[in-house]
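Have the structure open beside you as you go.

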Amino acid sequence: MYKIRRASVCLLLLLMLLSLAACGGPGGQKAGQPDTAPENPADVEPVEPAIPADPVEPVKPVDPVKPVEPEPDVTAPEADPEPEEPPAEAEEPEPVAAAKPTGSGYTEEAYDQVVAEVLDSITTSDMTKLEKAKAIWDYAKGKIRYTGTSNKTDWKEGAYIGMTDKAGDCFTYYAVSRALLTAADIDNLEVTRVGGSTSHYWNLVNCGDGWYHFDATPRSSKMPAFTSFMFTDEEAADYTARAGRSYYSFDGSLLPPRAGSEEASAPAPVETPAAQPEDTAPAVDTVDTAEPEPVLPENEIPLEAGAFNNEADVPEEMEMPDWLKPAGAA
């Protein structure tokens with residue numbers, strides 16, 4: 001390898017000398033230039049030709065290497081996990097009374113105000129209790145729209161929503177009627193359906209002449225026609241037979257006797273007088289010194305001595321004395 005390199009250097013020098021000779025040798029040297037002898041090729045240090053560097057291969061992008069999970073050391077014993085401390089028991093909060101829903105705006109003051117306003121708008125002071133009850137029935141039945149839903153947690157709030165939102169179900173009609181009847185000083189009670197697939201609420205009202213049923217809930221046009229203002233048990237049973245669904249079925253034992261019911265028509269029990277305590281005092285012998293009055297027959301009056309009640313009582317043998325006979329008599 002060294003010999004080849006050396007030969008190459010020598011060849012290169014030879015070519016250089018030949019080139020110089022052609023340009024500036026004897027007879028061909030330019031004027032004014034010094035005559036220089038060519039260098040001895042032996043004295044010239046050989047110049048190693050530049051060896052071209054090996055081409056560098058482009059670096060390929062390295063694919064991301066997924067981390068390799070170390071295999072568990074089977075030989076090493078597994079350490080017991082540290083026991084976890086049990087979580088601290090949460091303290092139970094103190095029971096808090098459920099707040100009234102804020103959406104309805106119900107308060108006791110708002111309830112009293114709306115009841116007074118509605119009652120003043122539909123009744124007058126000269127109305128009888130029956131007339132006021134009819135006005136309340138007309139208002140509840142005609143002013144509230146039936147929607148089939150209501151808040152049944154509190155009847156006062158249900159009445160307030162019914163009078164402000166003008167919508168609800170049978171509980172709303174019952175609650176509105178109860179609120180207005182109570183404000184009008186009319187006795188009323190709650191009645192609920194017994195049996196049937198759905199619930200139903202209505203009122204029992206006493207305007208002074210007995211308890212009657214009072215239901216302001218409107219009914220579908222598909223139901224039988226019926227005026228549900230101040231109706232009796234018999235009318236309720238008749239309508240239930242026609243309408244079905246246990247419409248006015250109720251437990252009468254939970255209610256006072258109604259007008260026209262068997263309980264109301266039953267005679268009042270006769271009060272037995274309380275037994276008088278026996279006289280335990282010892283009897284005292286008393287002597288009646290007064291002469292007893294004679295006992296006379298019925299319709300008979302006492303006569304004077306020697307008198308008779310009638311002629312039949314005079315004895316036949318008795319003759320009248322002469323001094324009693326009238327003058328001239330035999």
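**Reading rings and strands**

A: Let's begin with a group of rings: W202, F226, F231, Y239, Y247, Y248 and F250 form one aromatic cluster. Keep in mind that this is a predicted model.

Q: How many aromatic pairs are there by this rule?

A: Ring pairs are found by the distance between centres, with a limit of 6.5 Å. The count comes to 17 aromatic pairs. Take W202 and F250: their ring centres lie 6.3 Å apart and the planes meet at 85°, so this pair is edge-to-face. W202 belongs to strand β4 (residues 201–206), while F250 is in the loop between α6 (233–243) and α7 (262–265), so to speak of distant parts of the chain is to speak of 48 residues.

Q: Is W202 buried or exposed?

A: Burial is read from relative accessible area, with under 20% counting as buried. W202 has 0% relative accessibility, so it counts as buried.

Q: Which residue lies over the face of Y247?

A: Here we look for a charged group above a ring. R193 sits over the face of Y247, at 5.1 Å from the ring centre. Elsewhere, K134 lies over the face of F229, 6.0 Å from that ring centre.

Q: Which strands form the open sheet, and in what order?

A: Strand pairing is read from bridges. Four strands make up an open sheet, in the order β3-β4-β5-β6, with antiparallel pairing. At its edges stand β3 and β6 (229–231), each with a single partner strand, so one side of each has no neighbour in the sheet. From one strand to the next, the twist averages 35°.

Q: How many bridges join β3 to β4?

A: Strand β3 (residues 187–192) is joined to β4 by six bridges, and V191 stands opposite W202. On to β5 (residues 211–214): β4 pairs with this strand over four bridges, and L204 stands opposite H213. The hairpin of β4 and β5 has four residues between the strands, and G208 there takes a positive phi near 120°.

Q: Why is β4 described as largely enclosed?

A: Six of the six residues of β4 are buried, so the rest of the structure largely encloses this strand. Helix α5 (residues 170–183) lies across β3, β4 and β5, at about 25° to β4.

Notes: Residues numbered from 1 in each chain as written. Predicted model: local features only at pLDDT ≥ 70, side-chain atom pairs only at ≥ 80, totals over all residues. Heavy atoms only, no water. Phe/Tyr/Trp six-rings, centres within 6.5 Å; stacked < 30°, edge-to-face > 60°. Helix = DSSP H or I, 4+ residues; strand = E, 2+ residues; numbered from the N terminus. Buried < 20%, exposed > 50% of the residue type's maximum accessible area, 1.4 Å probe, protein only. Lys NZ or Arg CZ within 6 Å of the ring centre and 35° of its normal. Pairing = 2+ DSSP bridges. Axes fitted to C-alpha atoms, helices over the stretch in contact; angles between N-to-C directions. Contact = heavy atoms within 4.5 Å.
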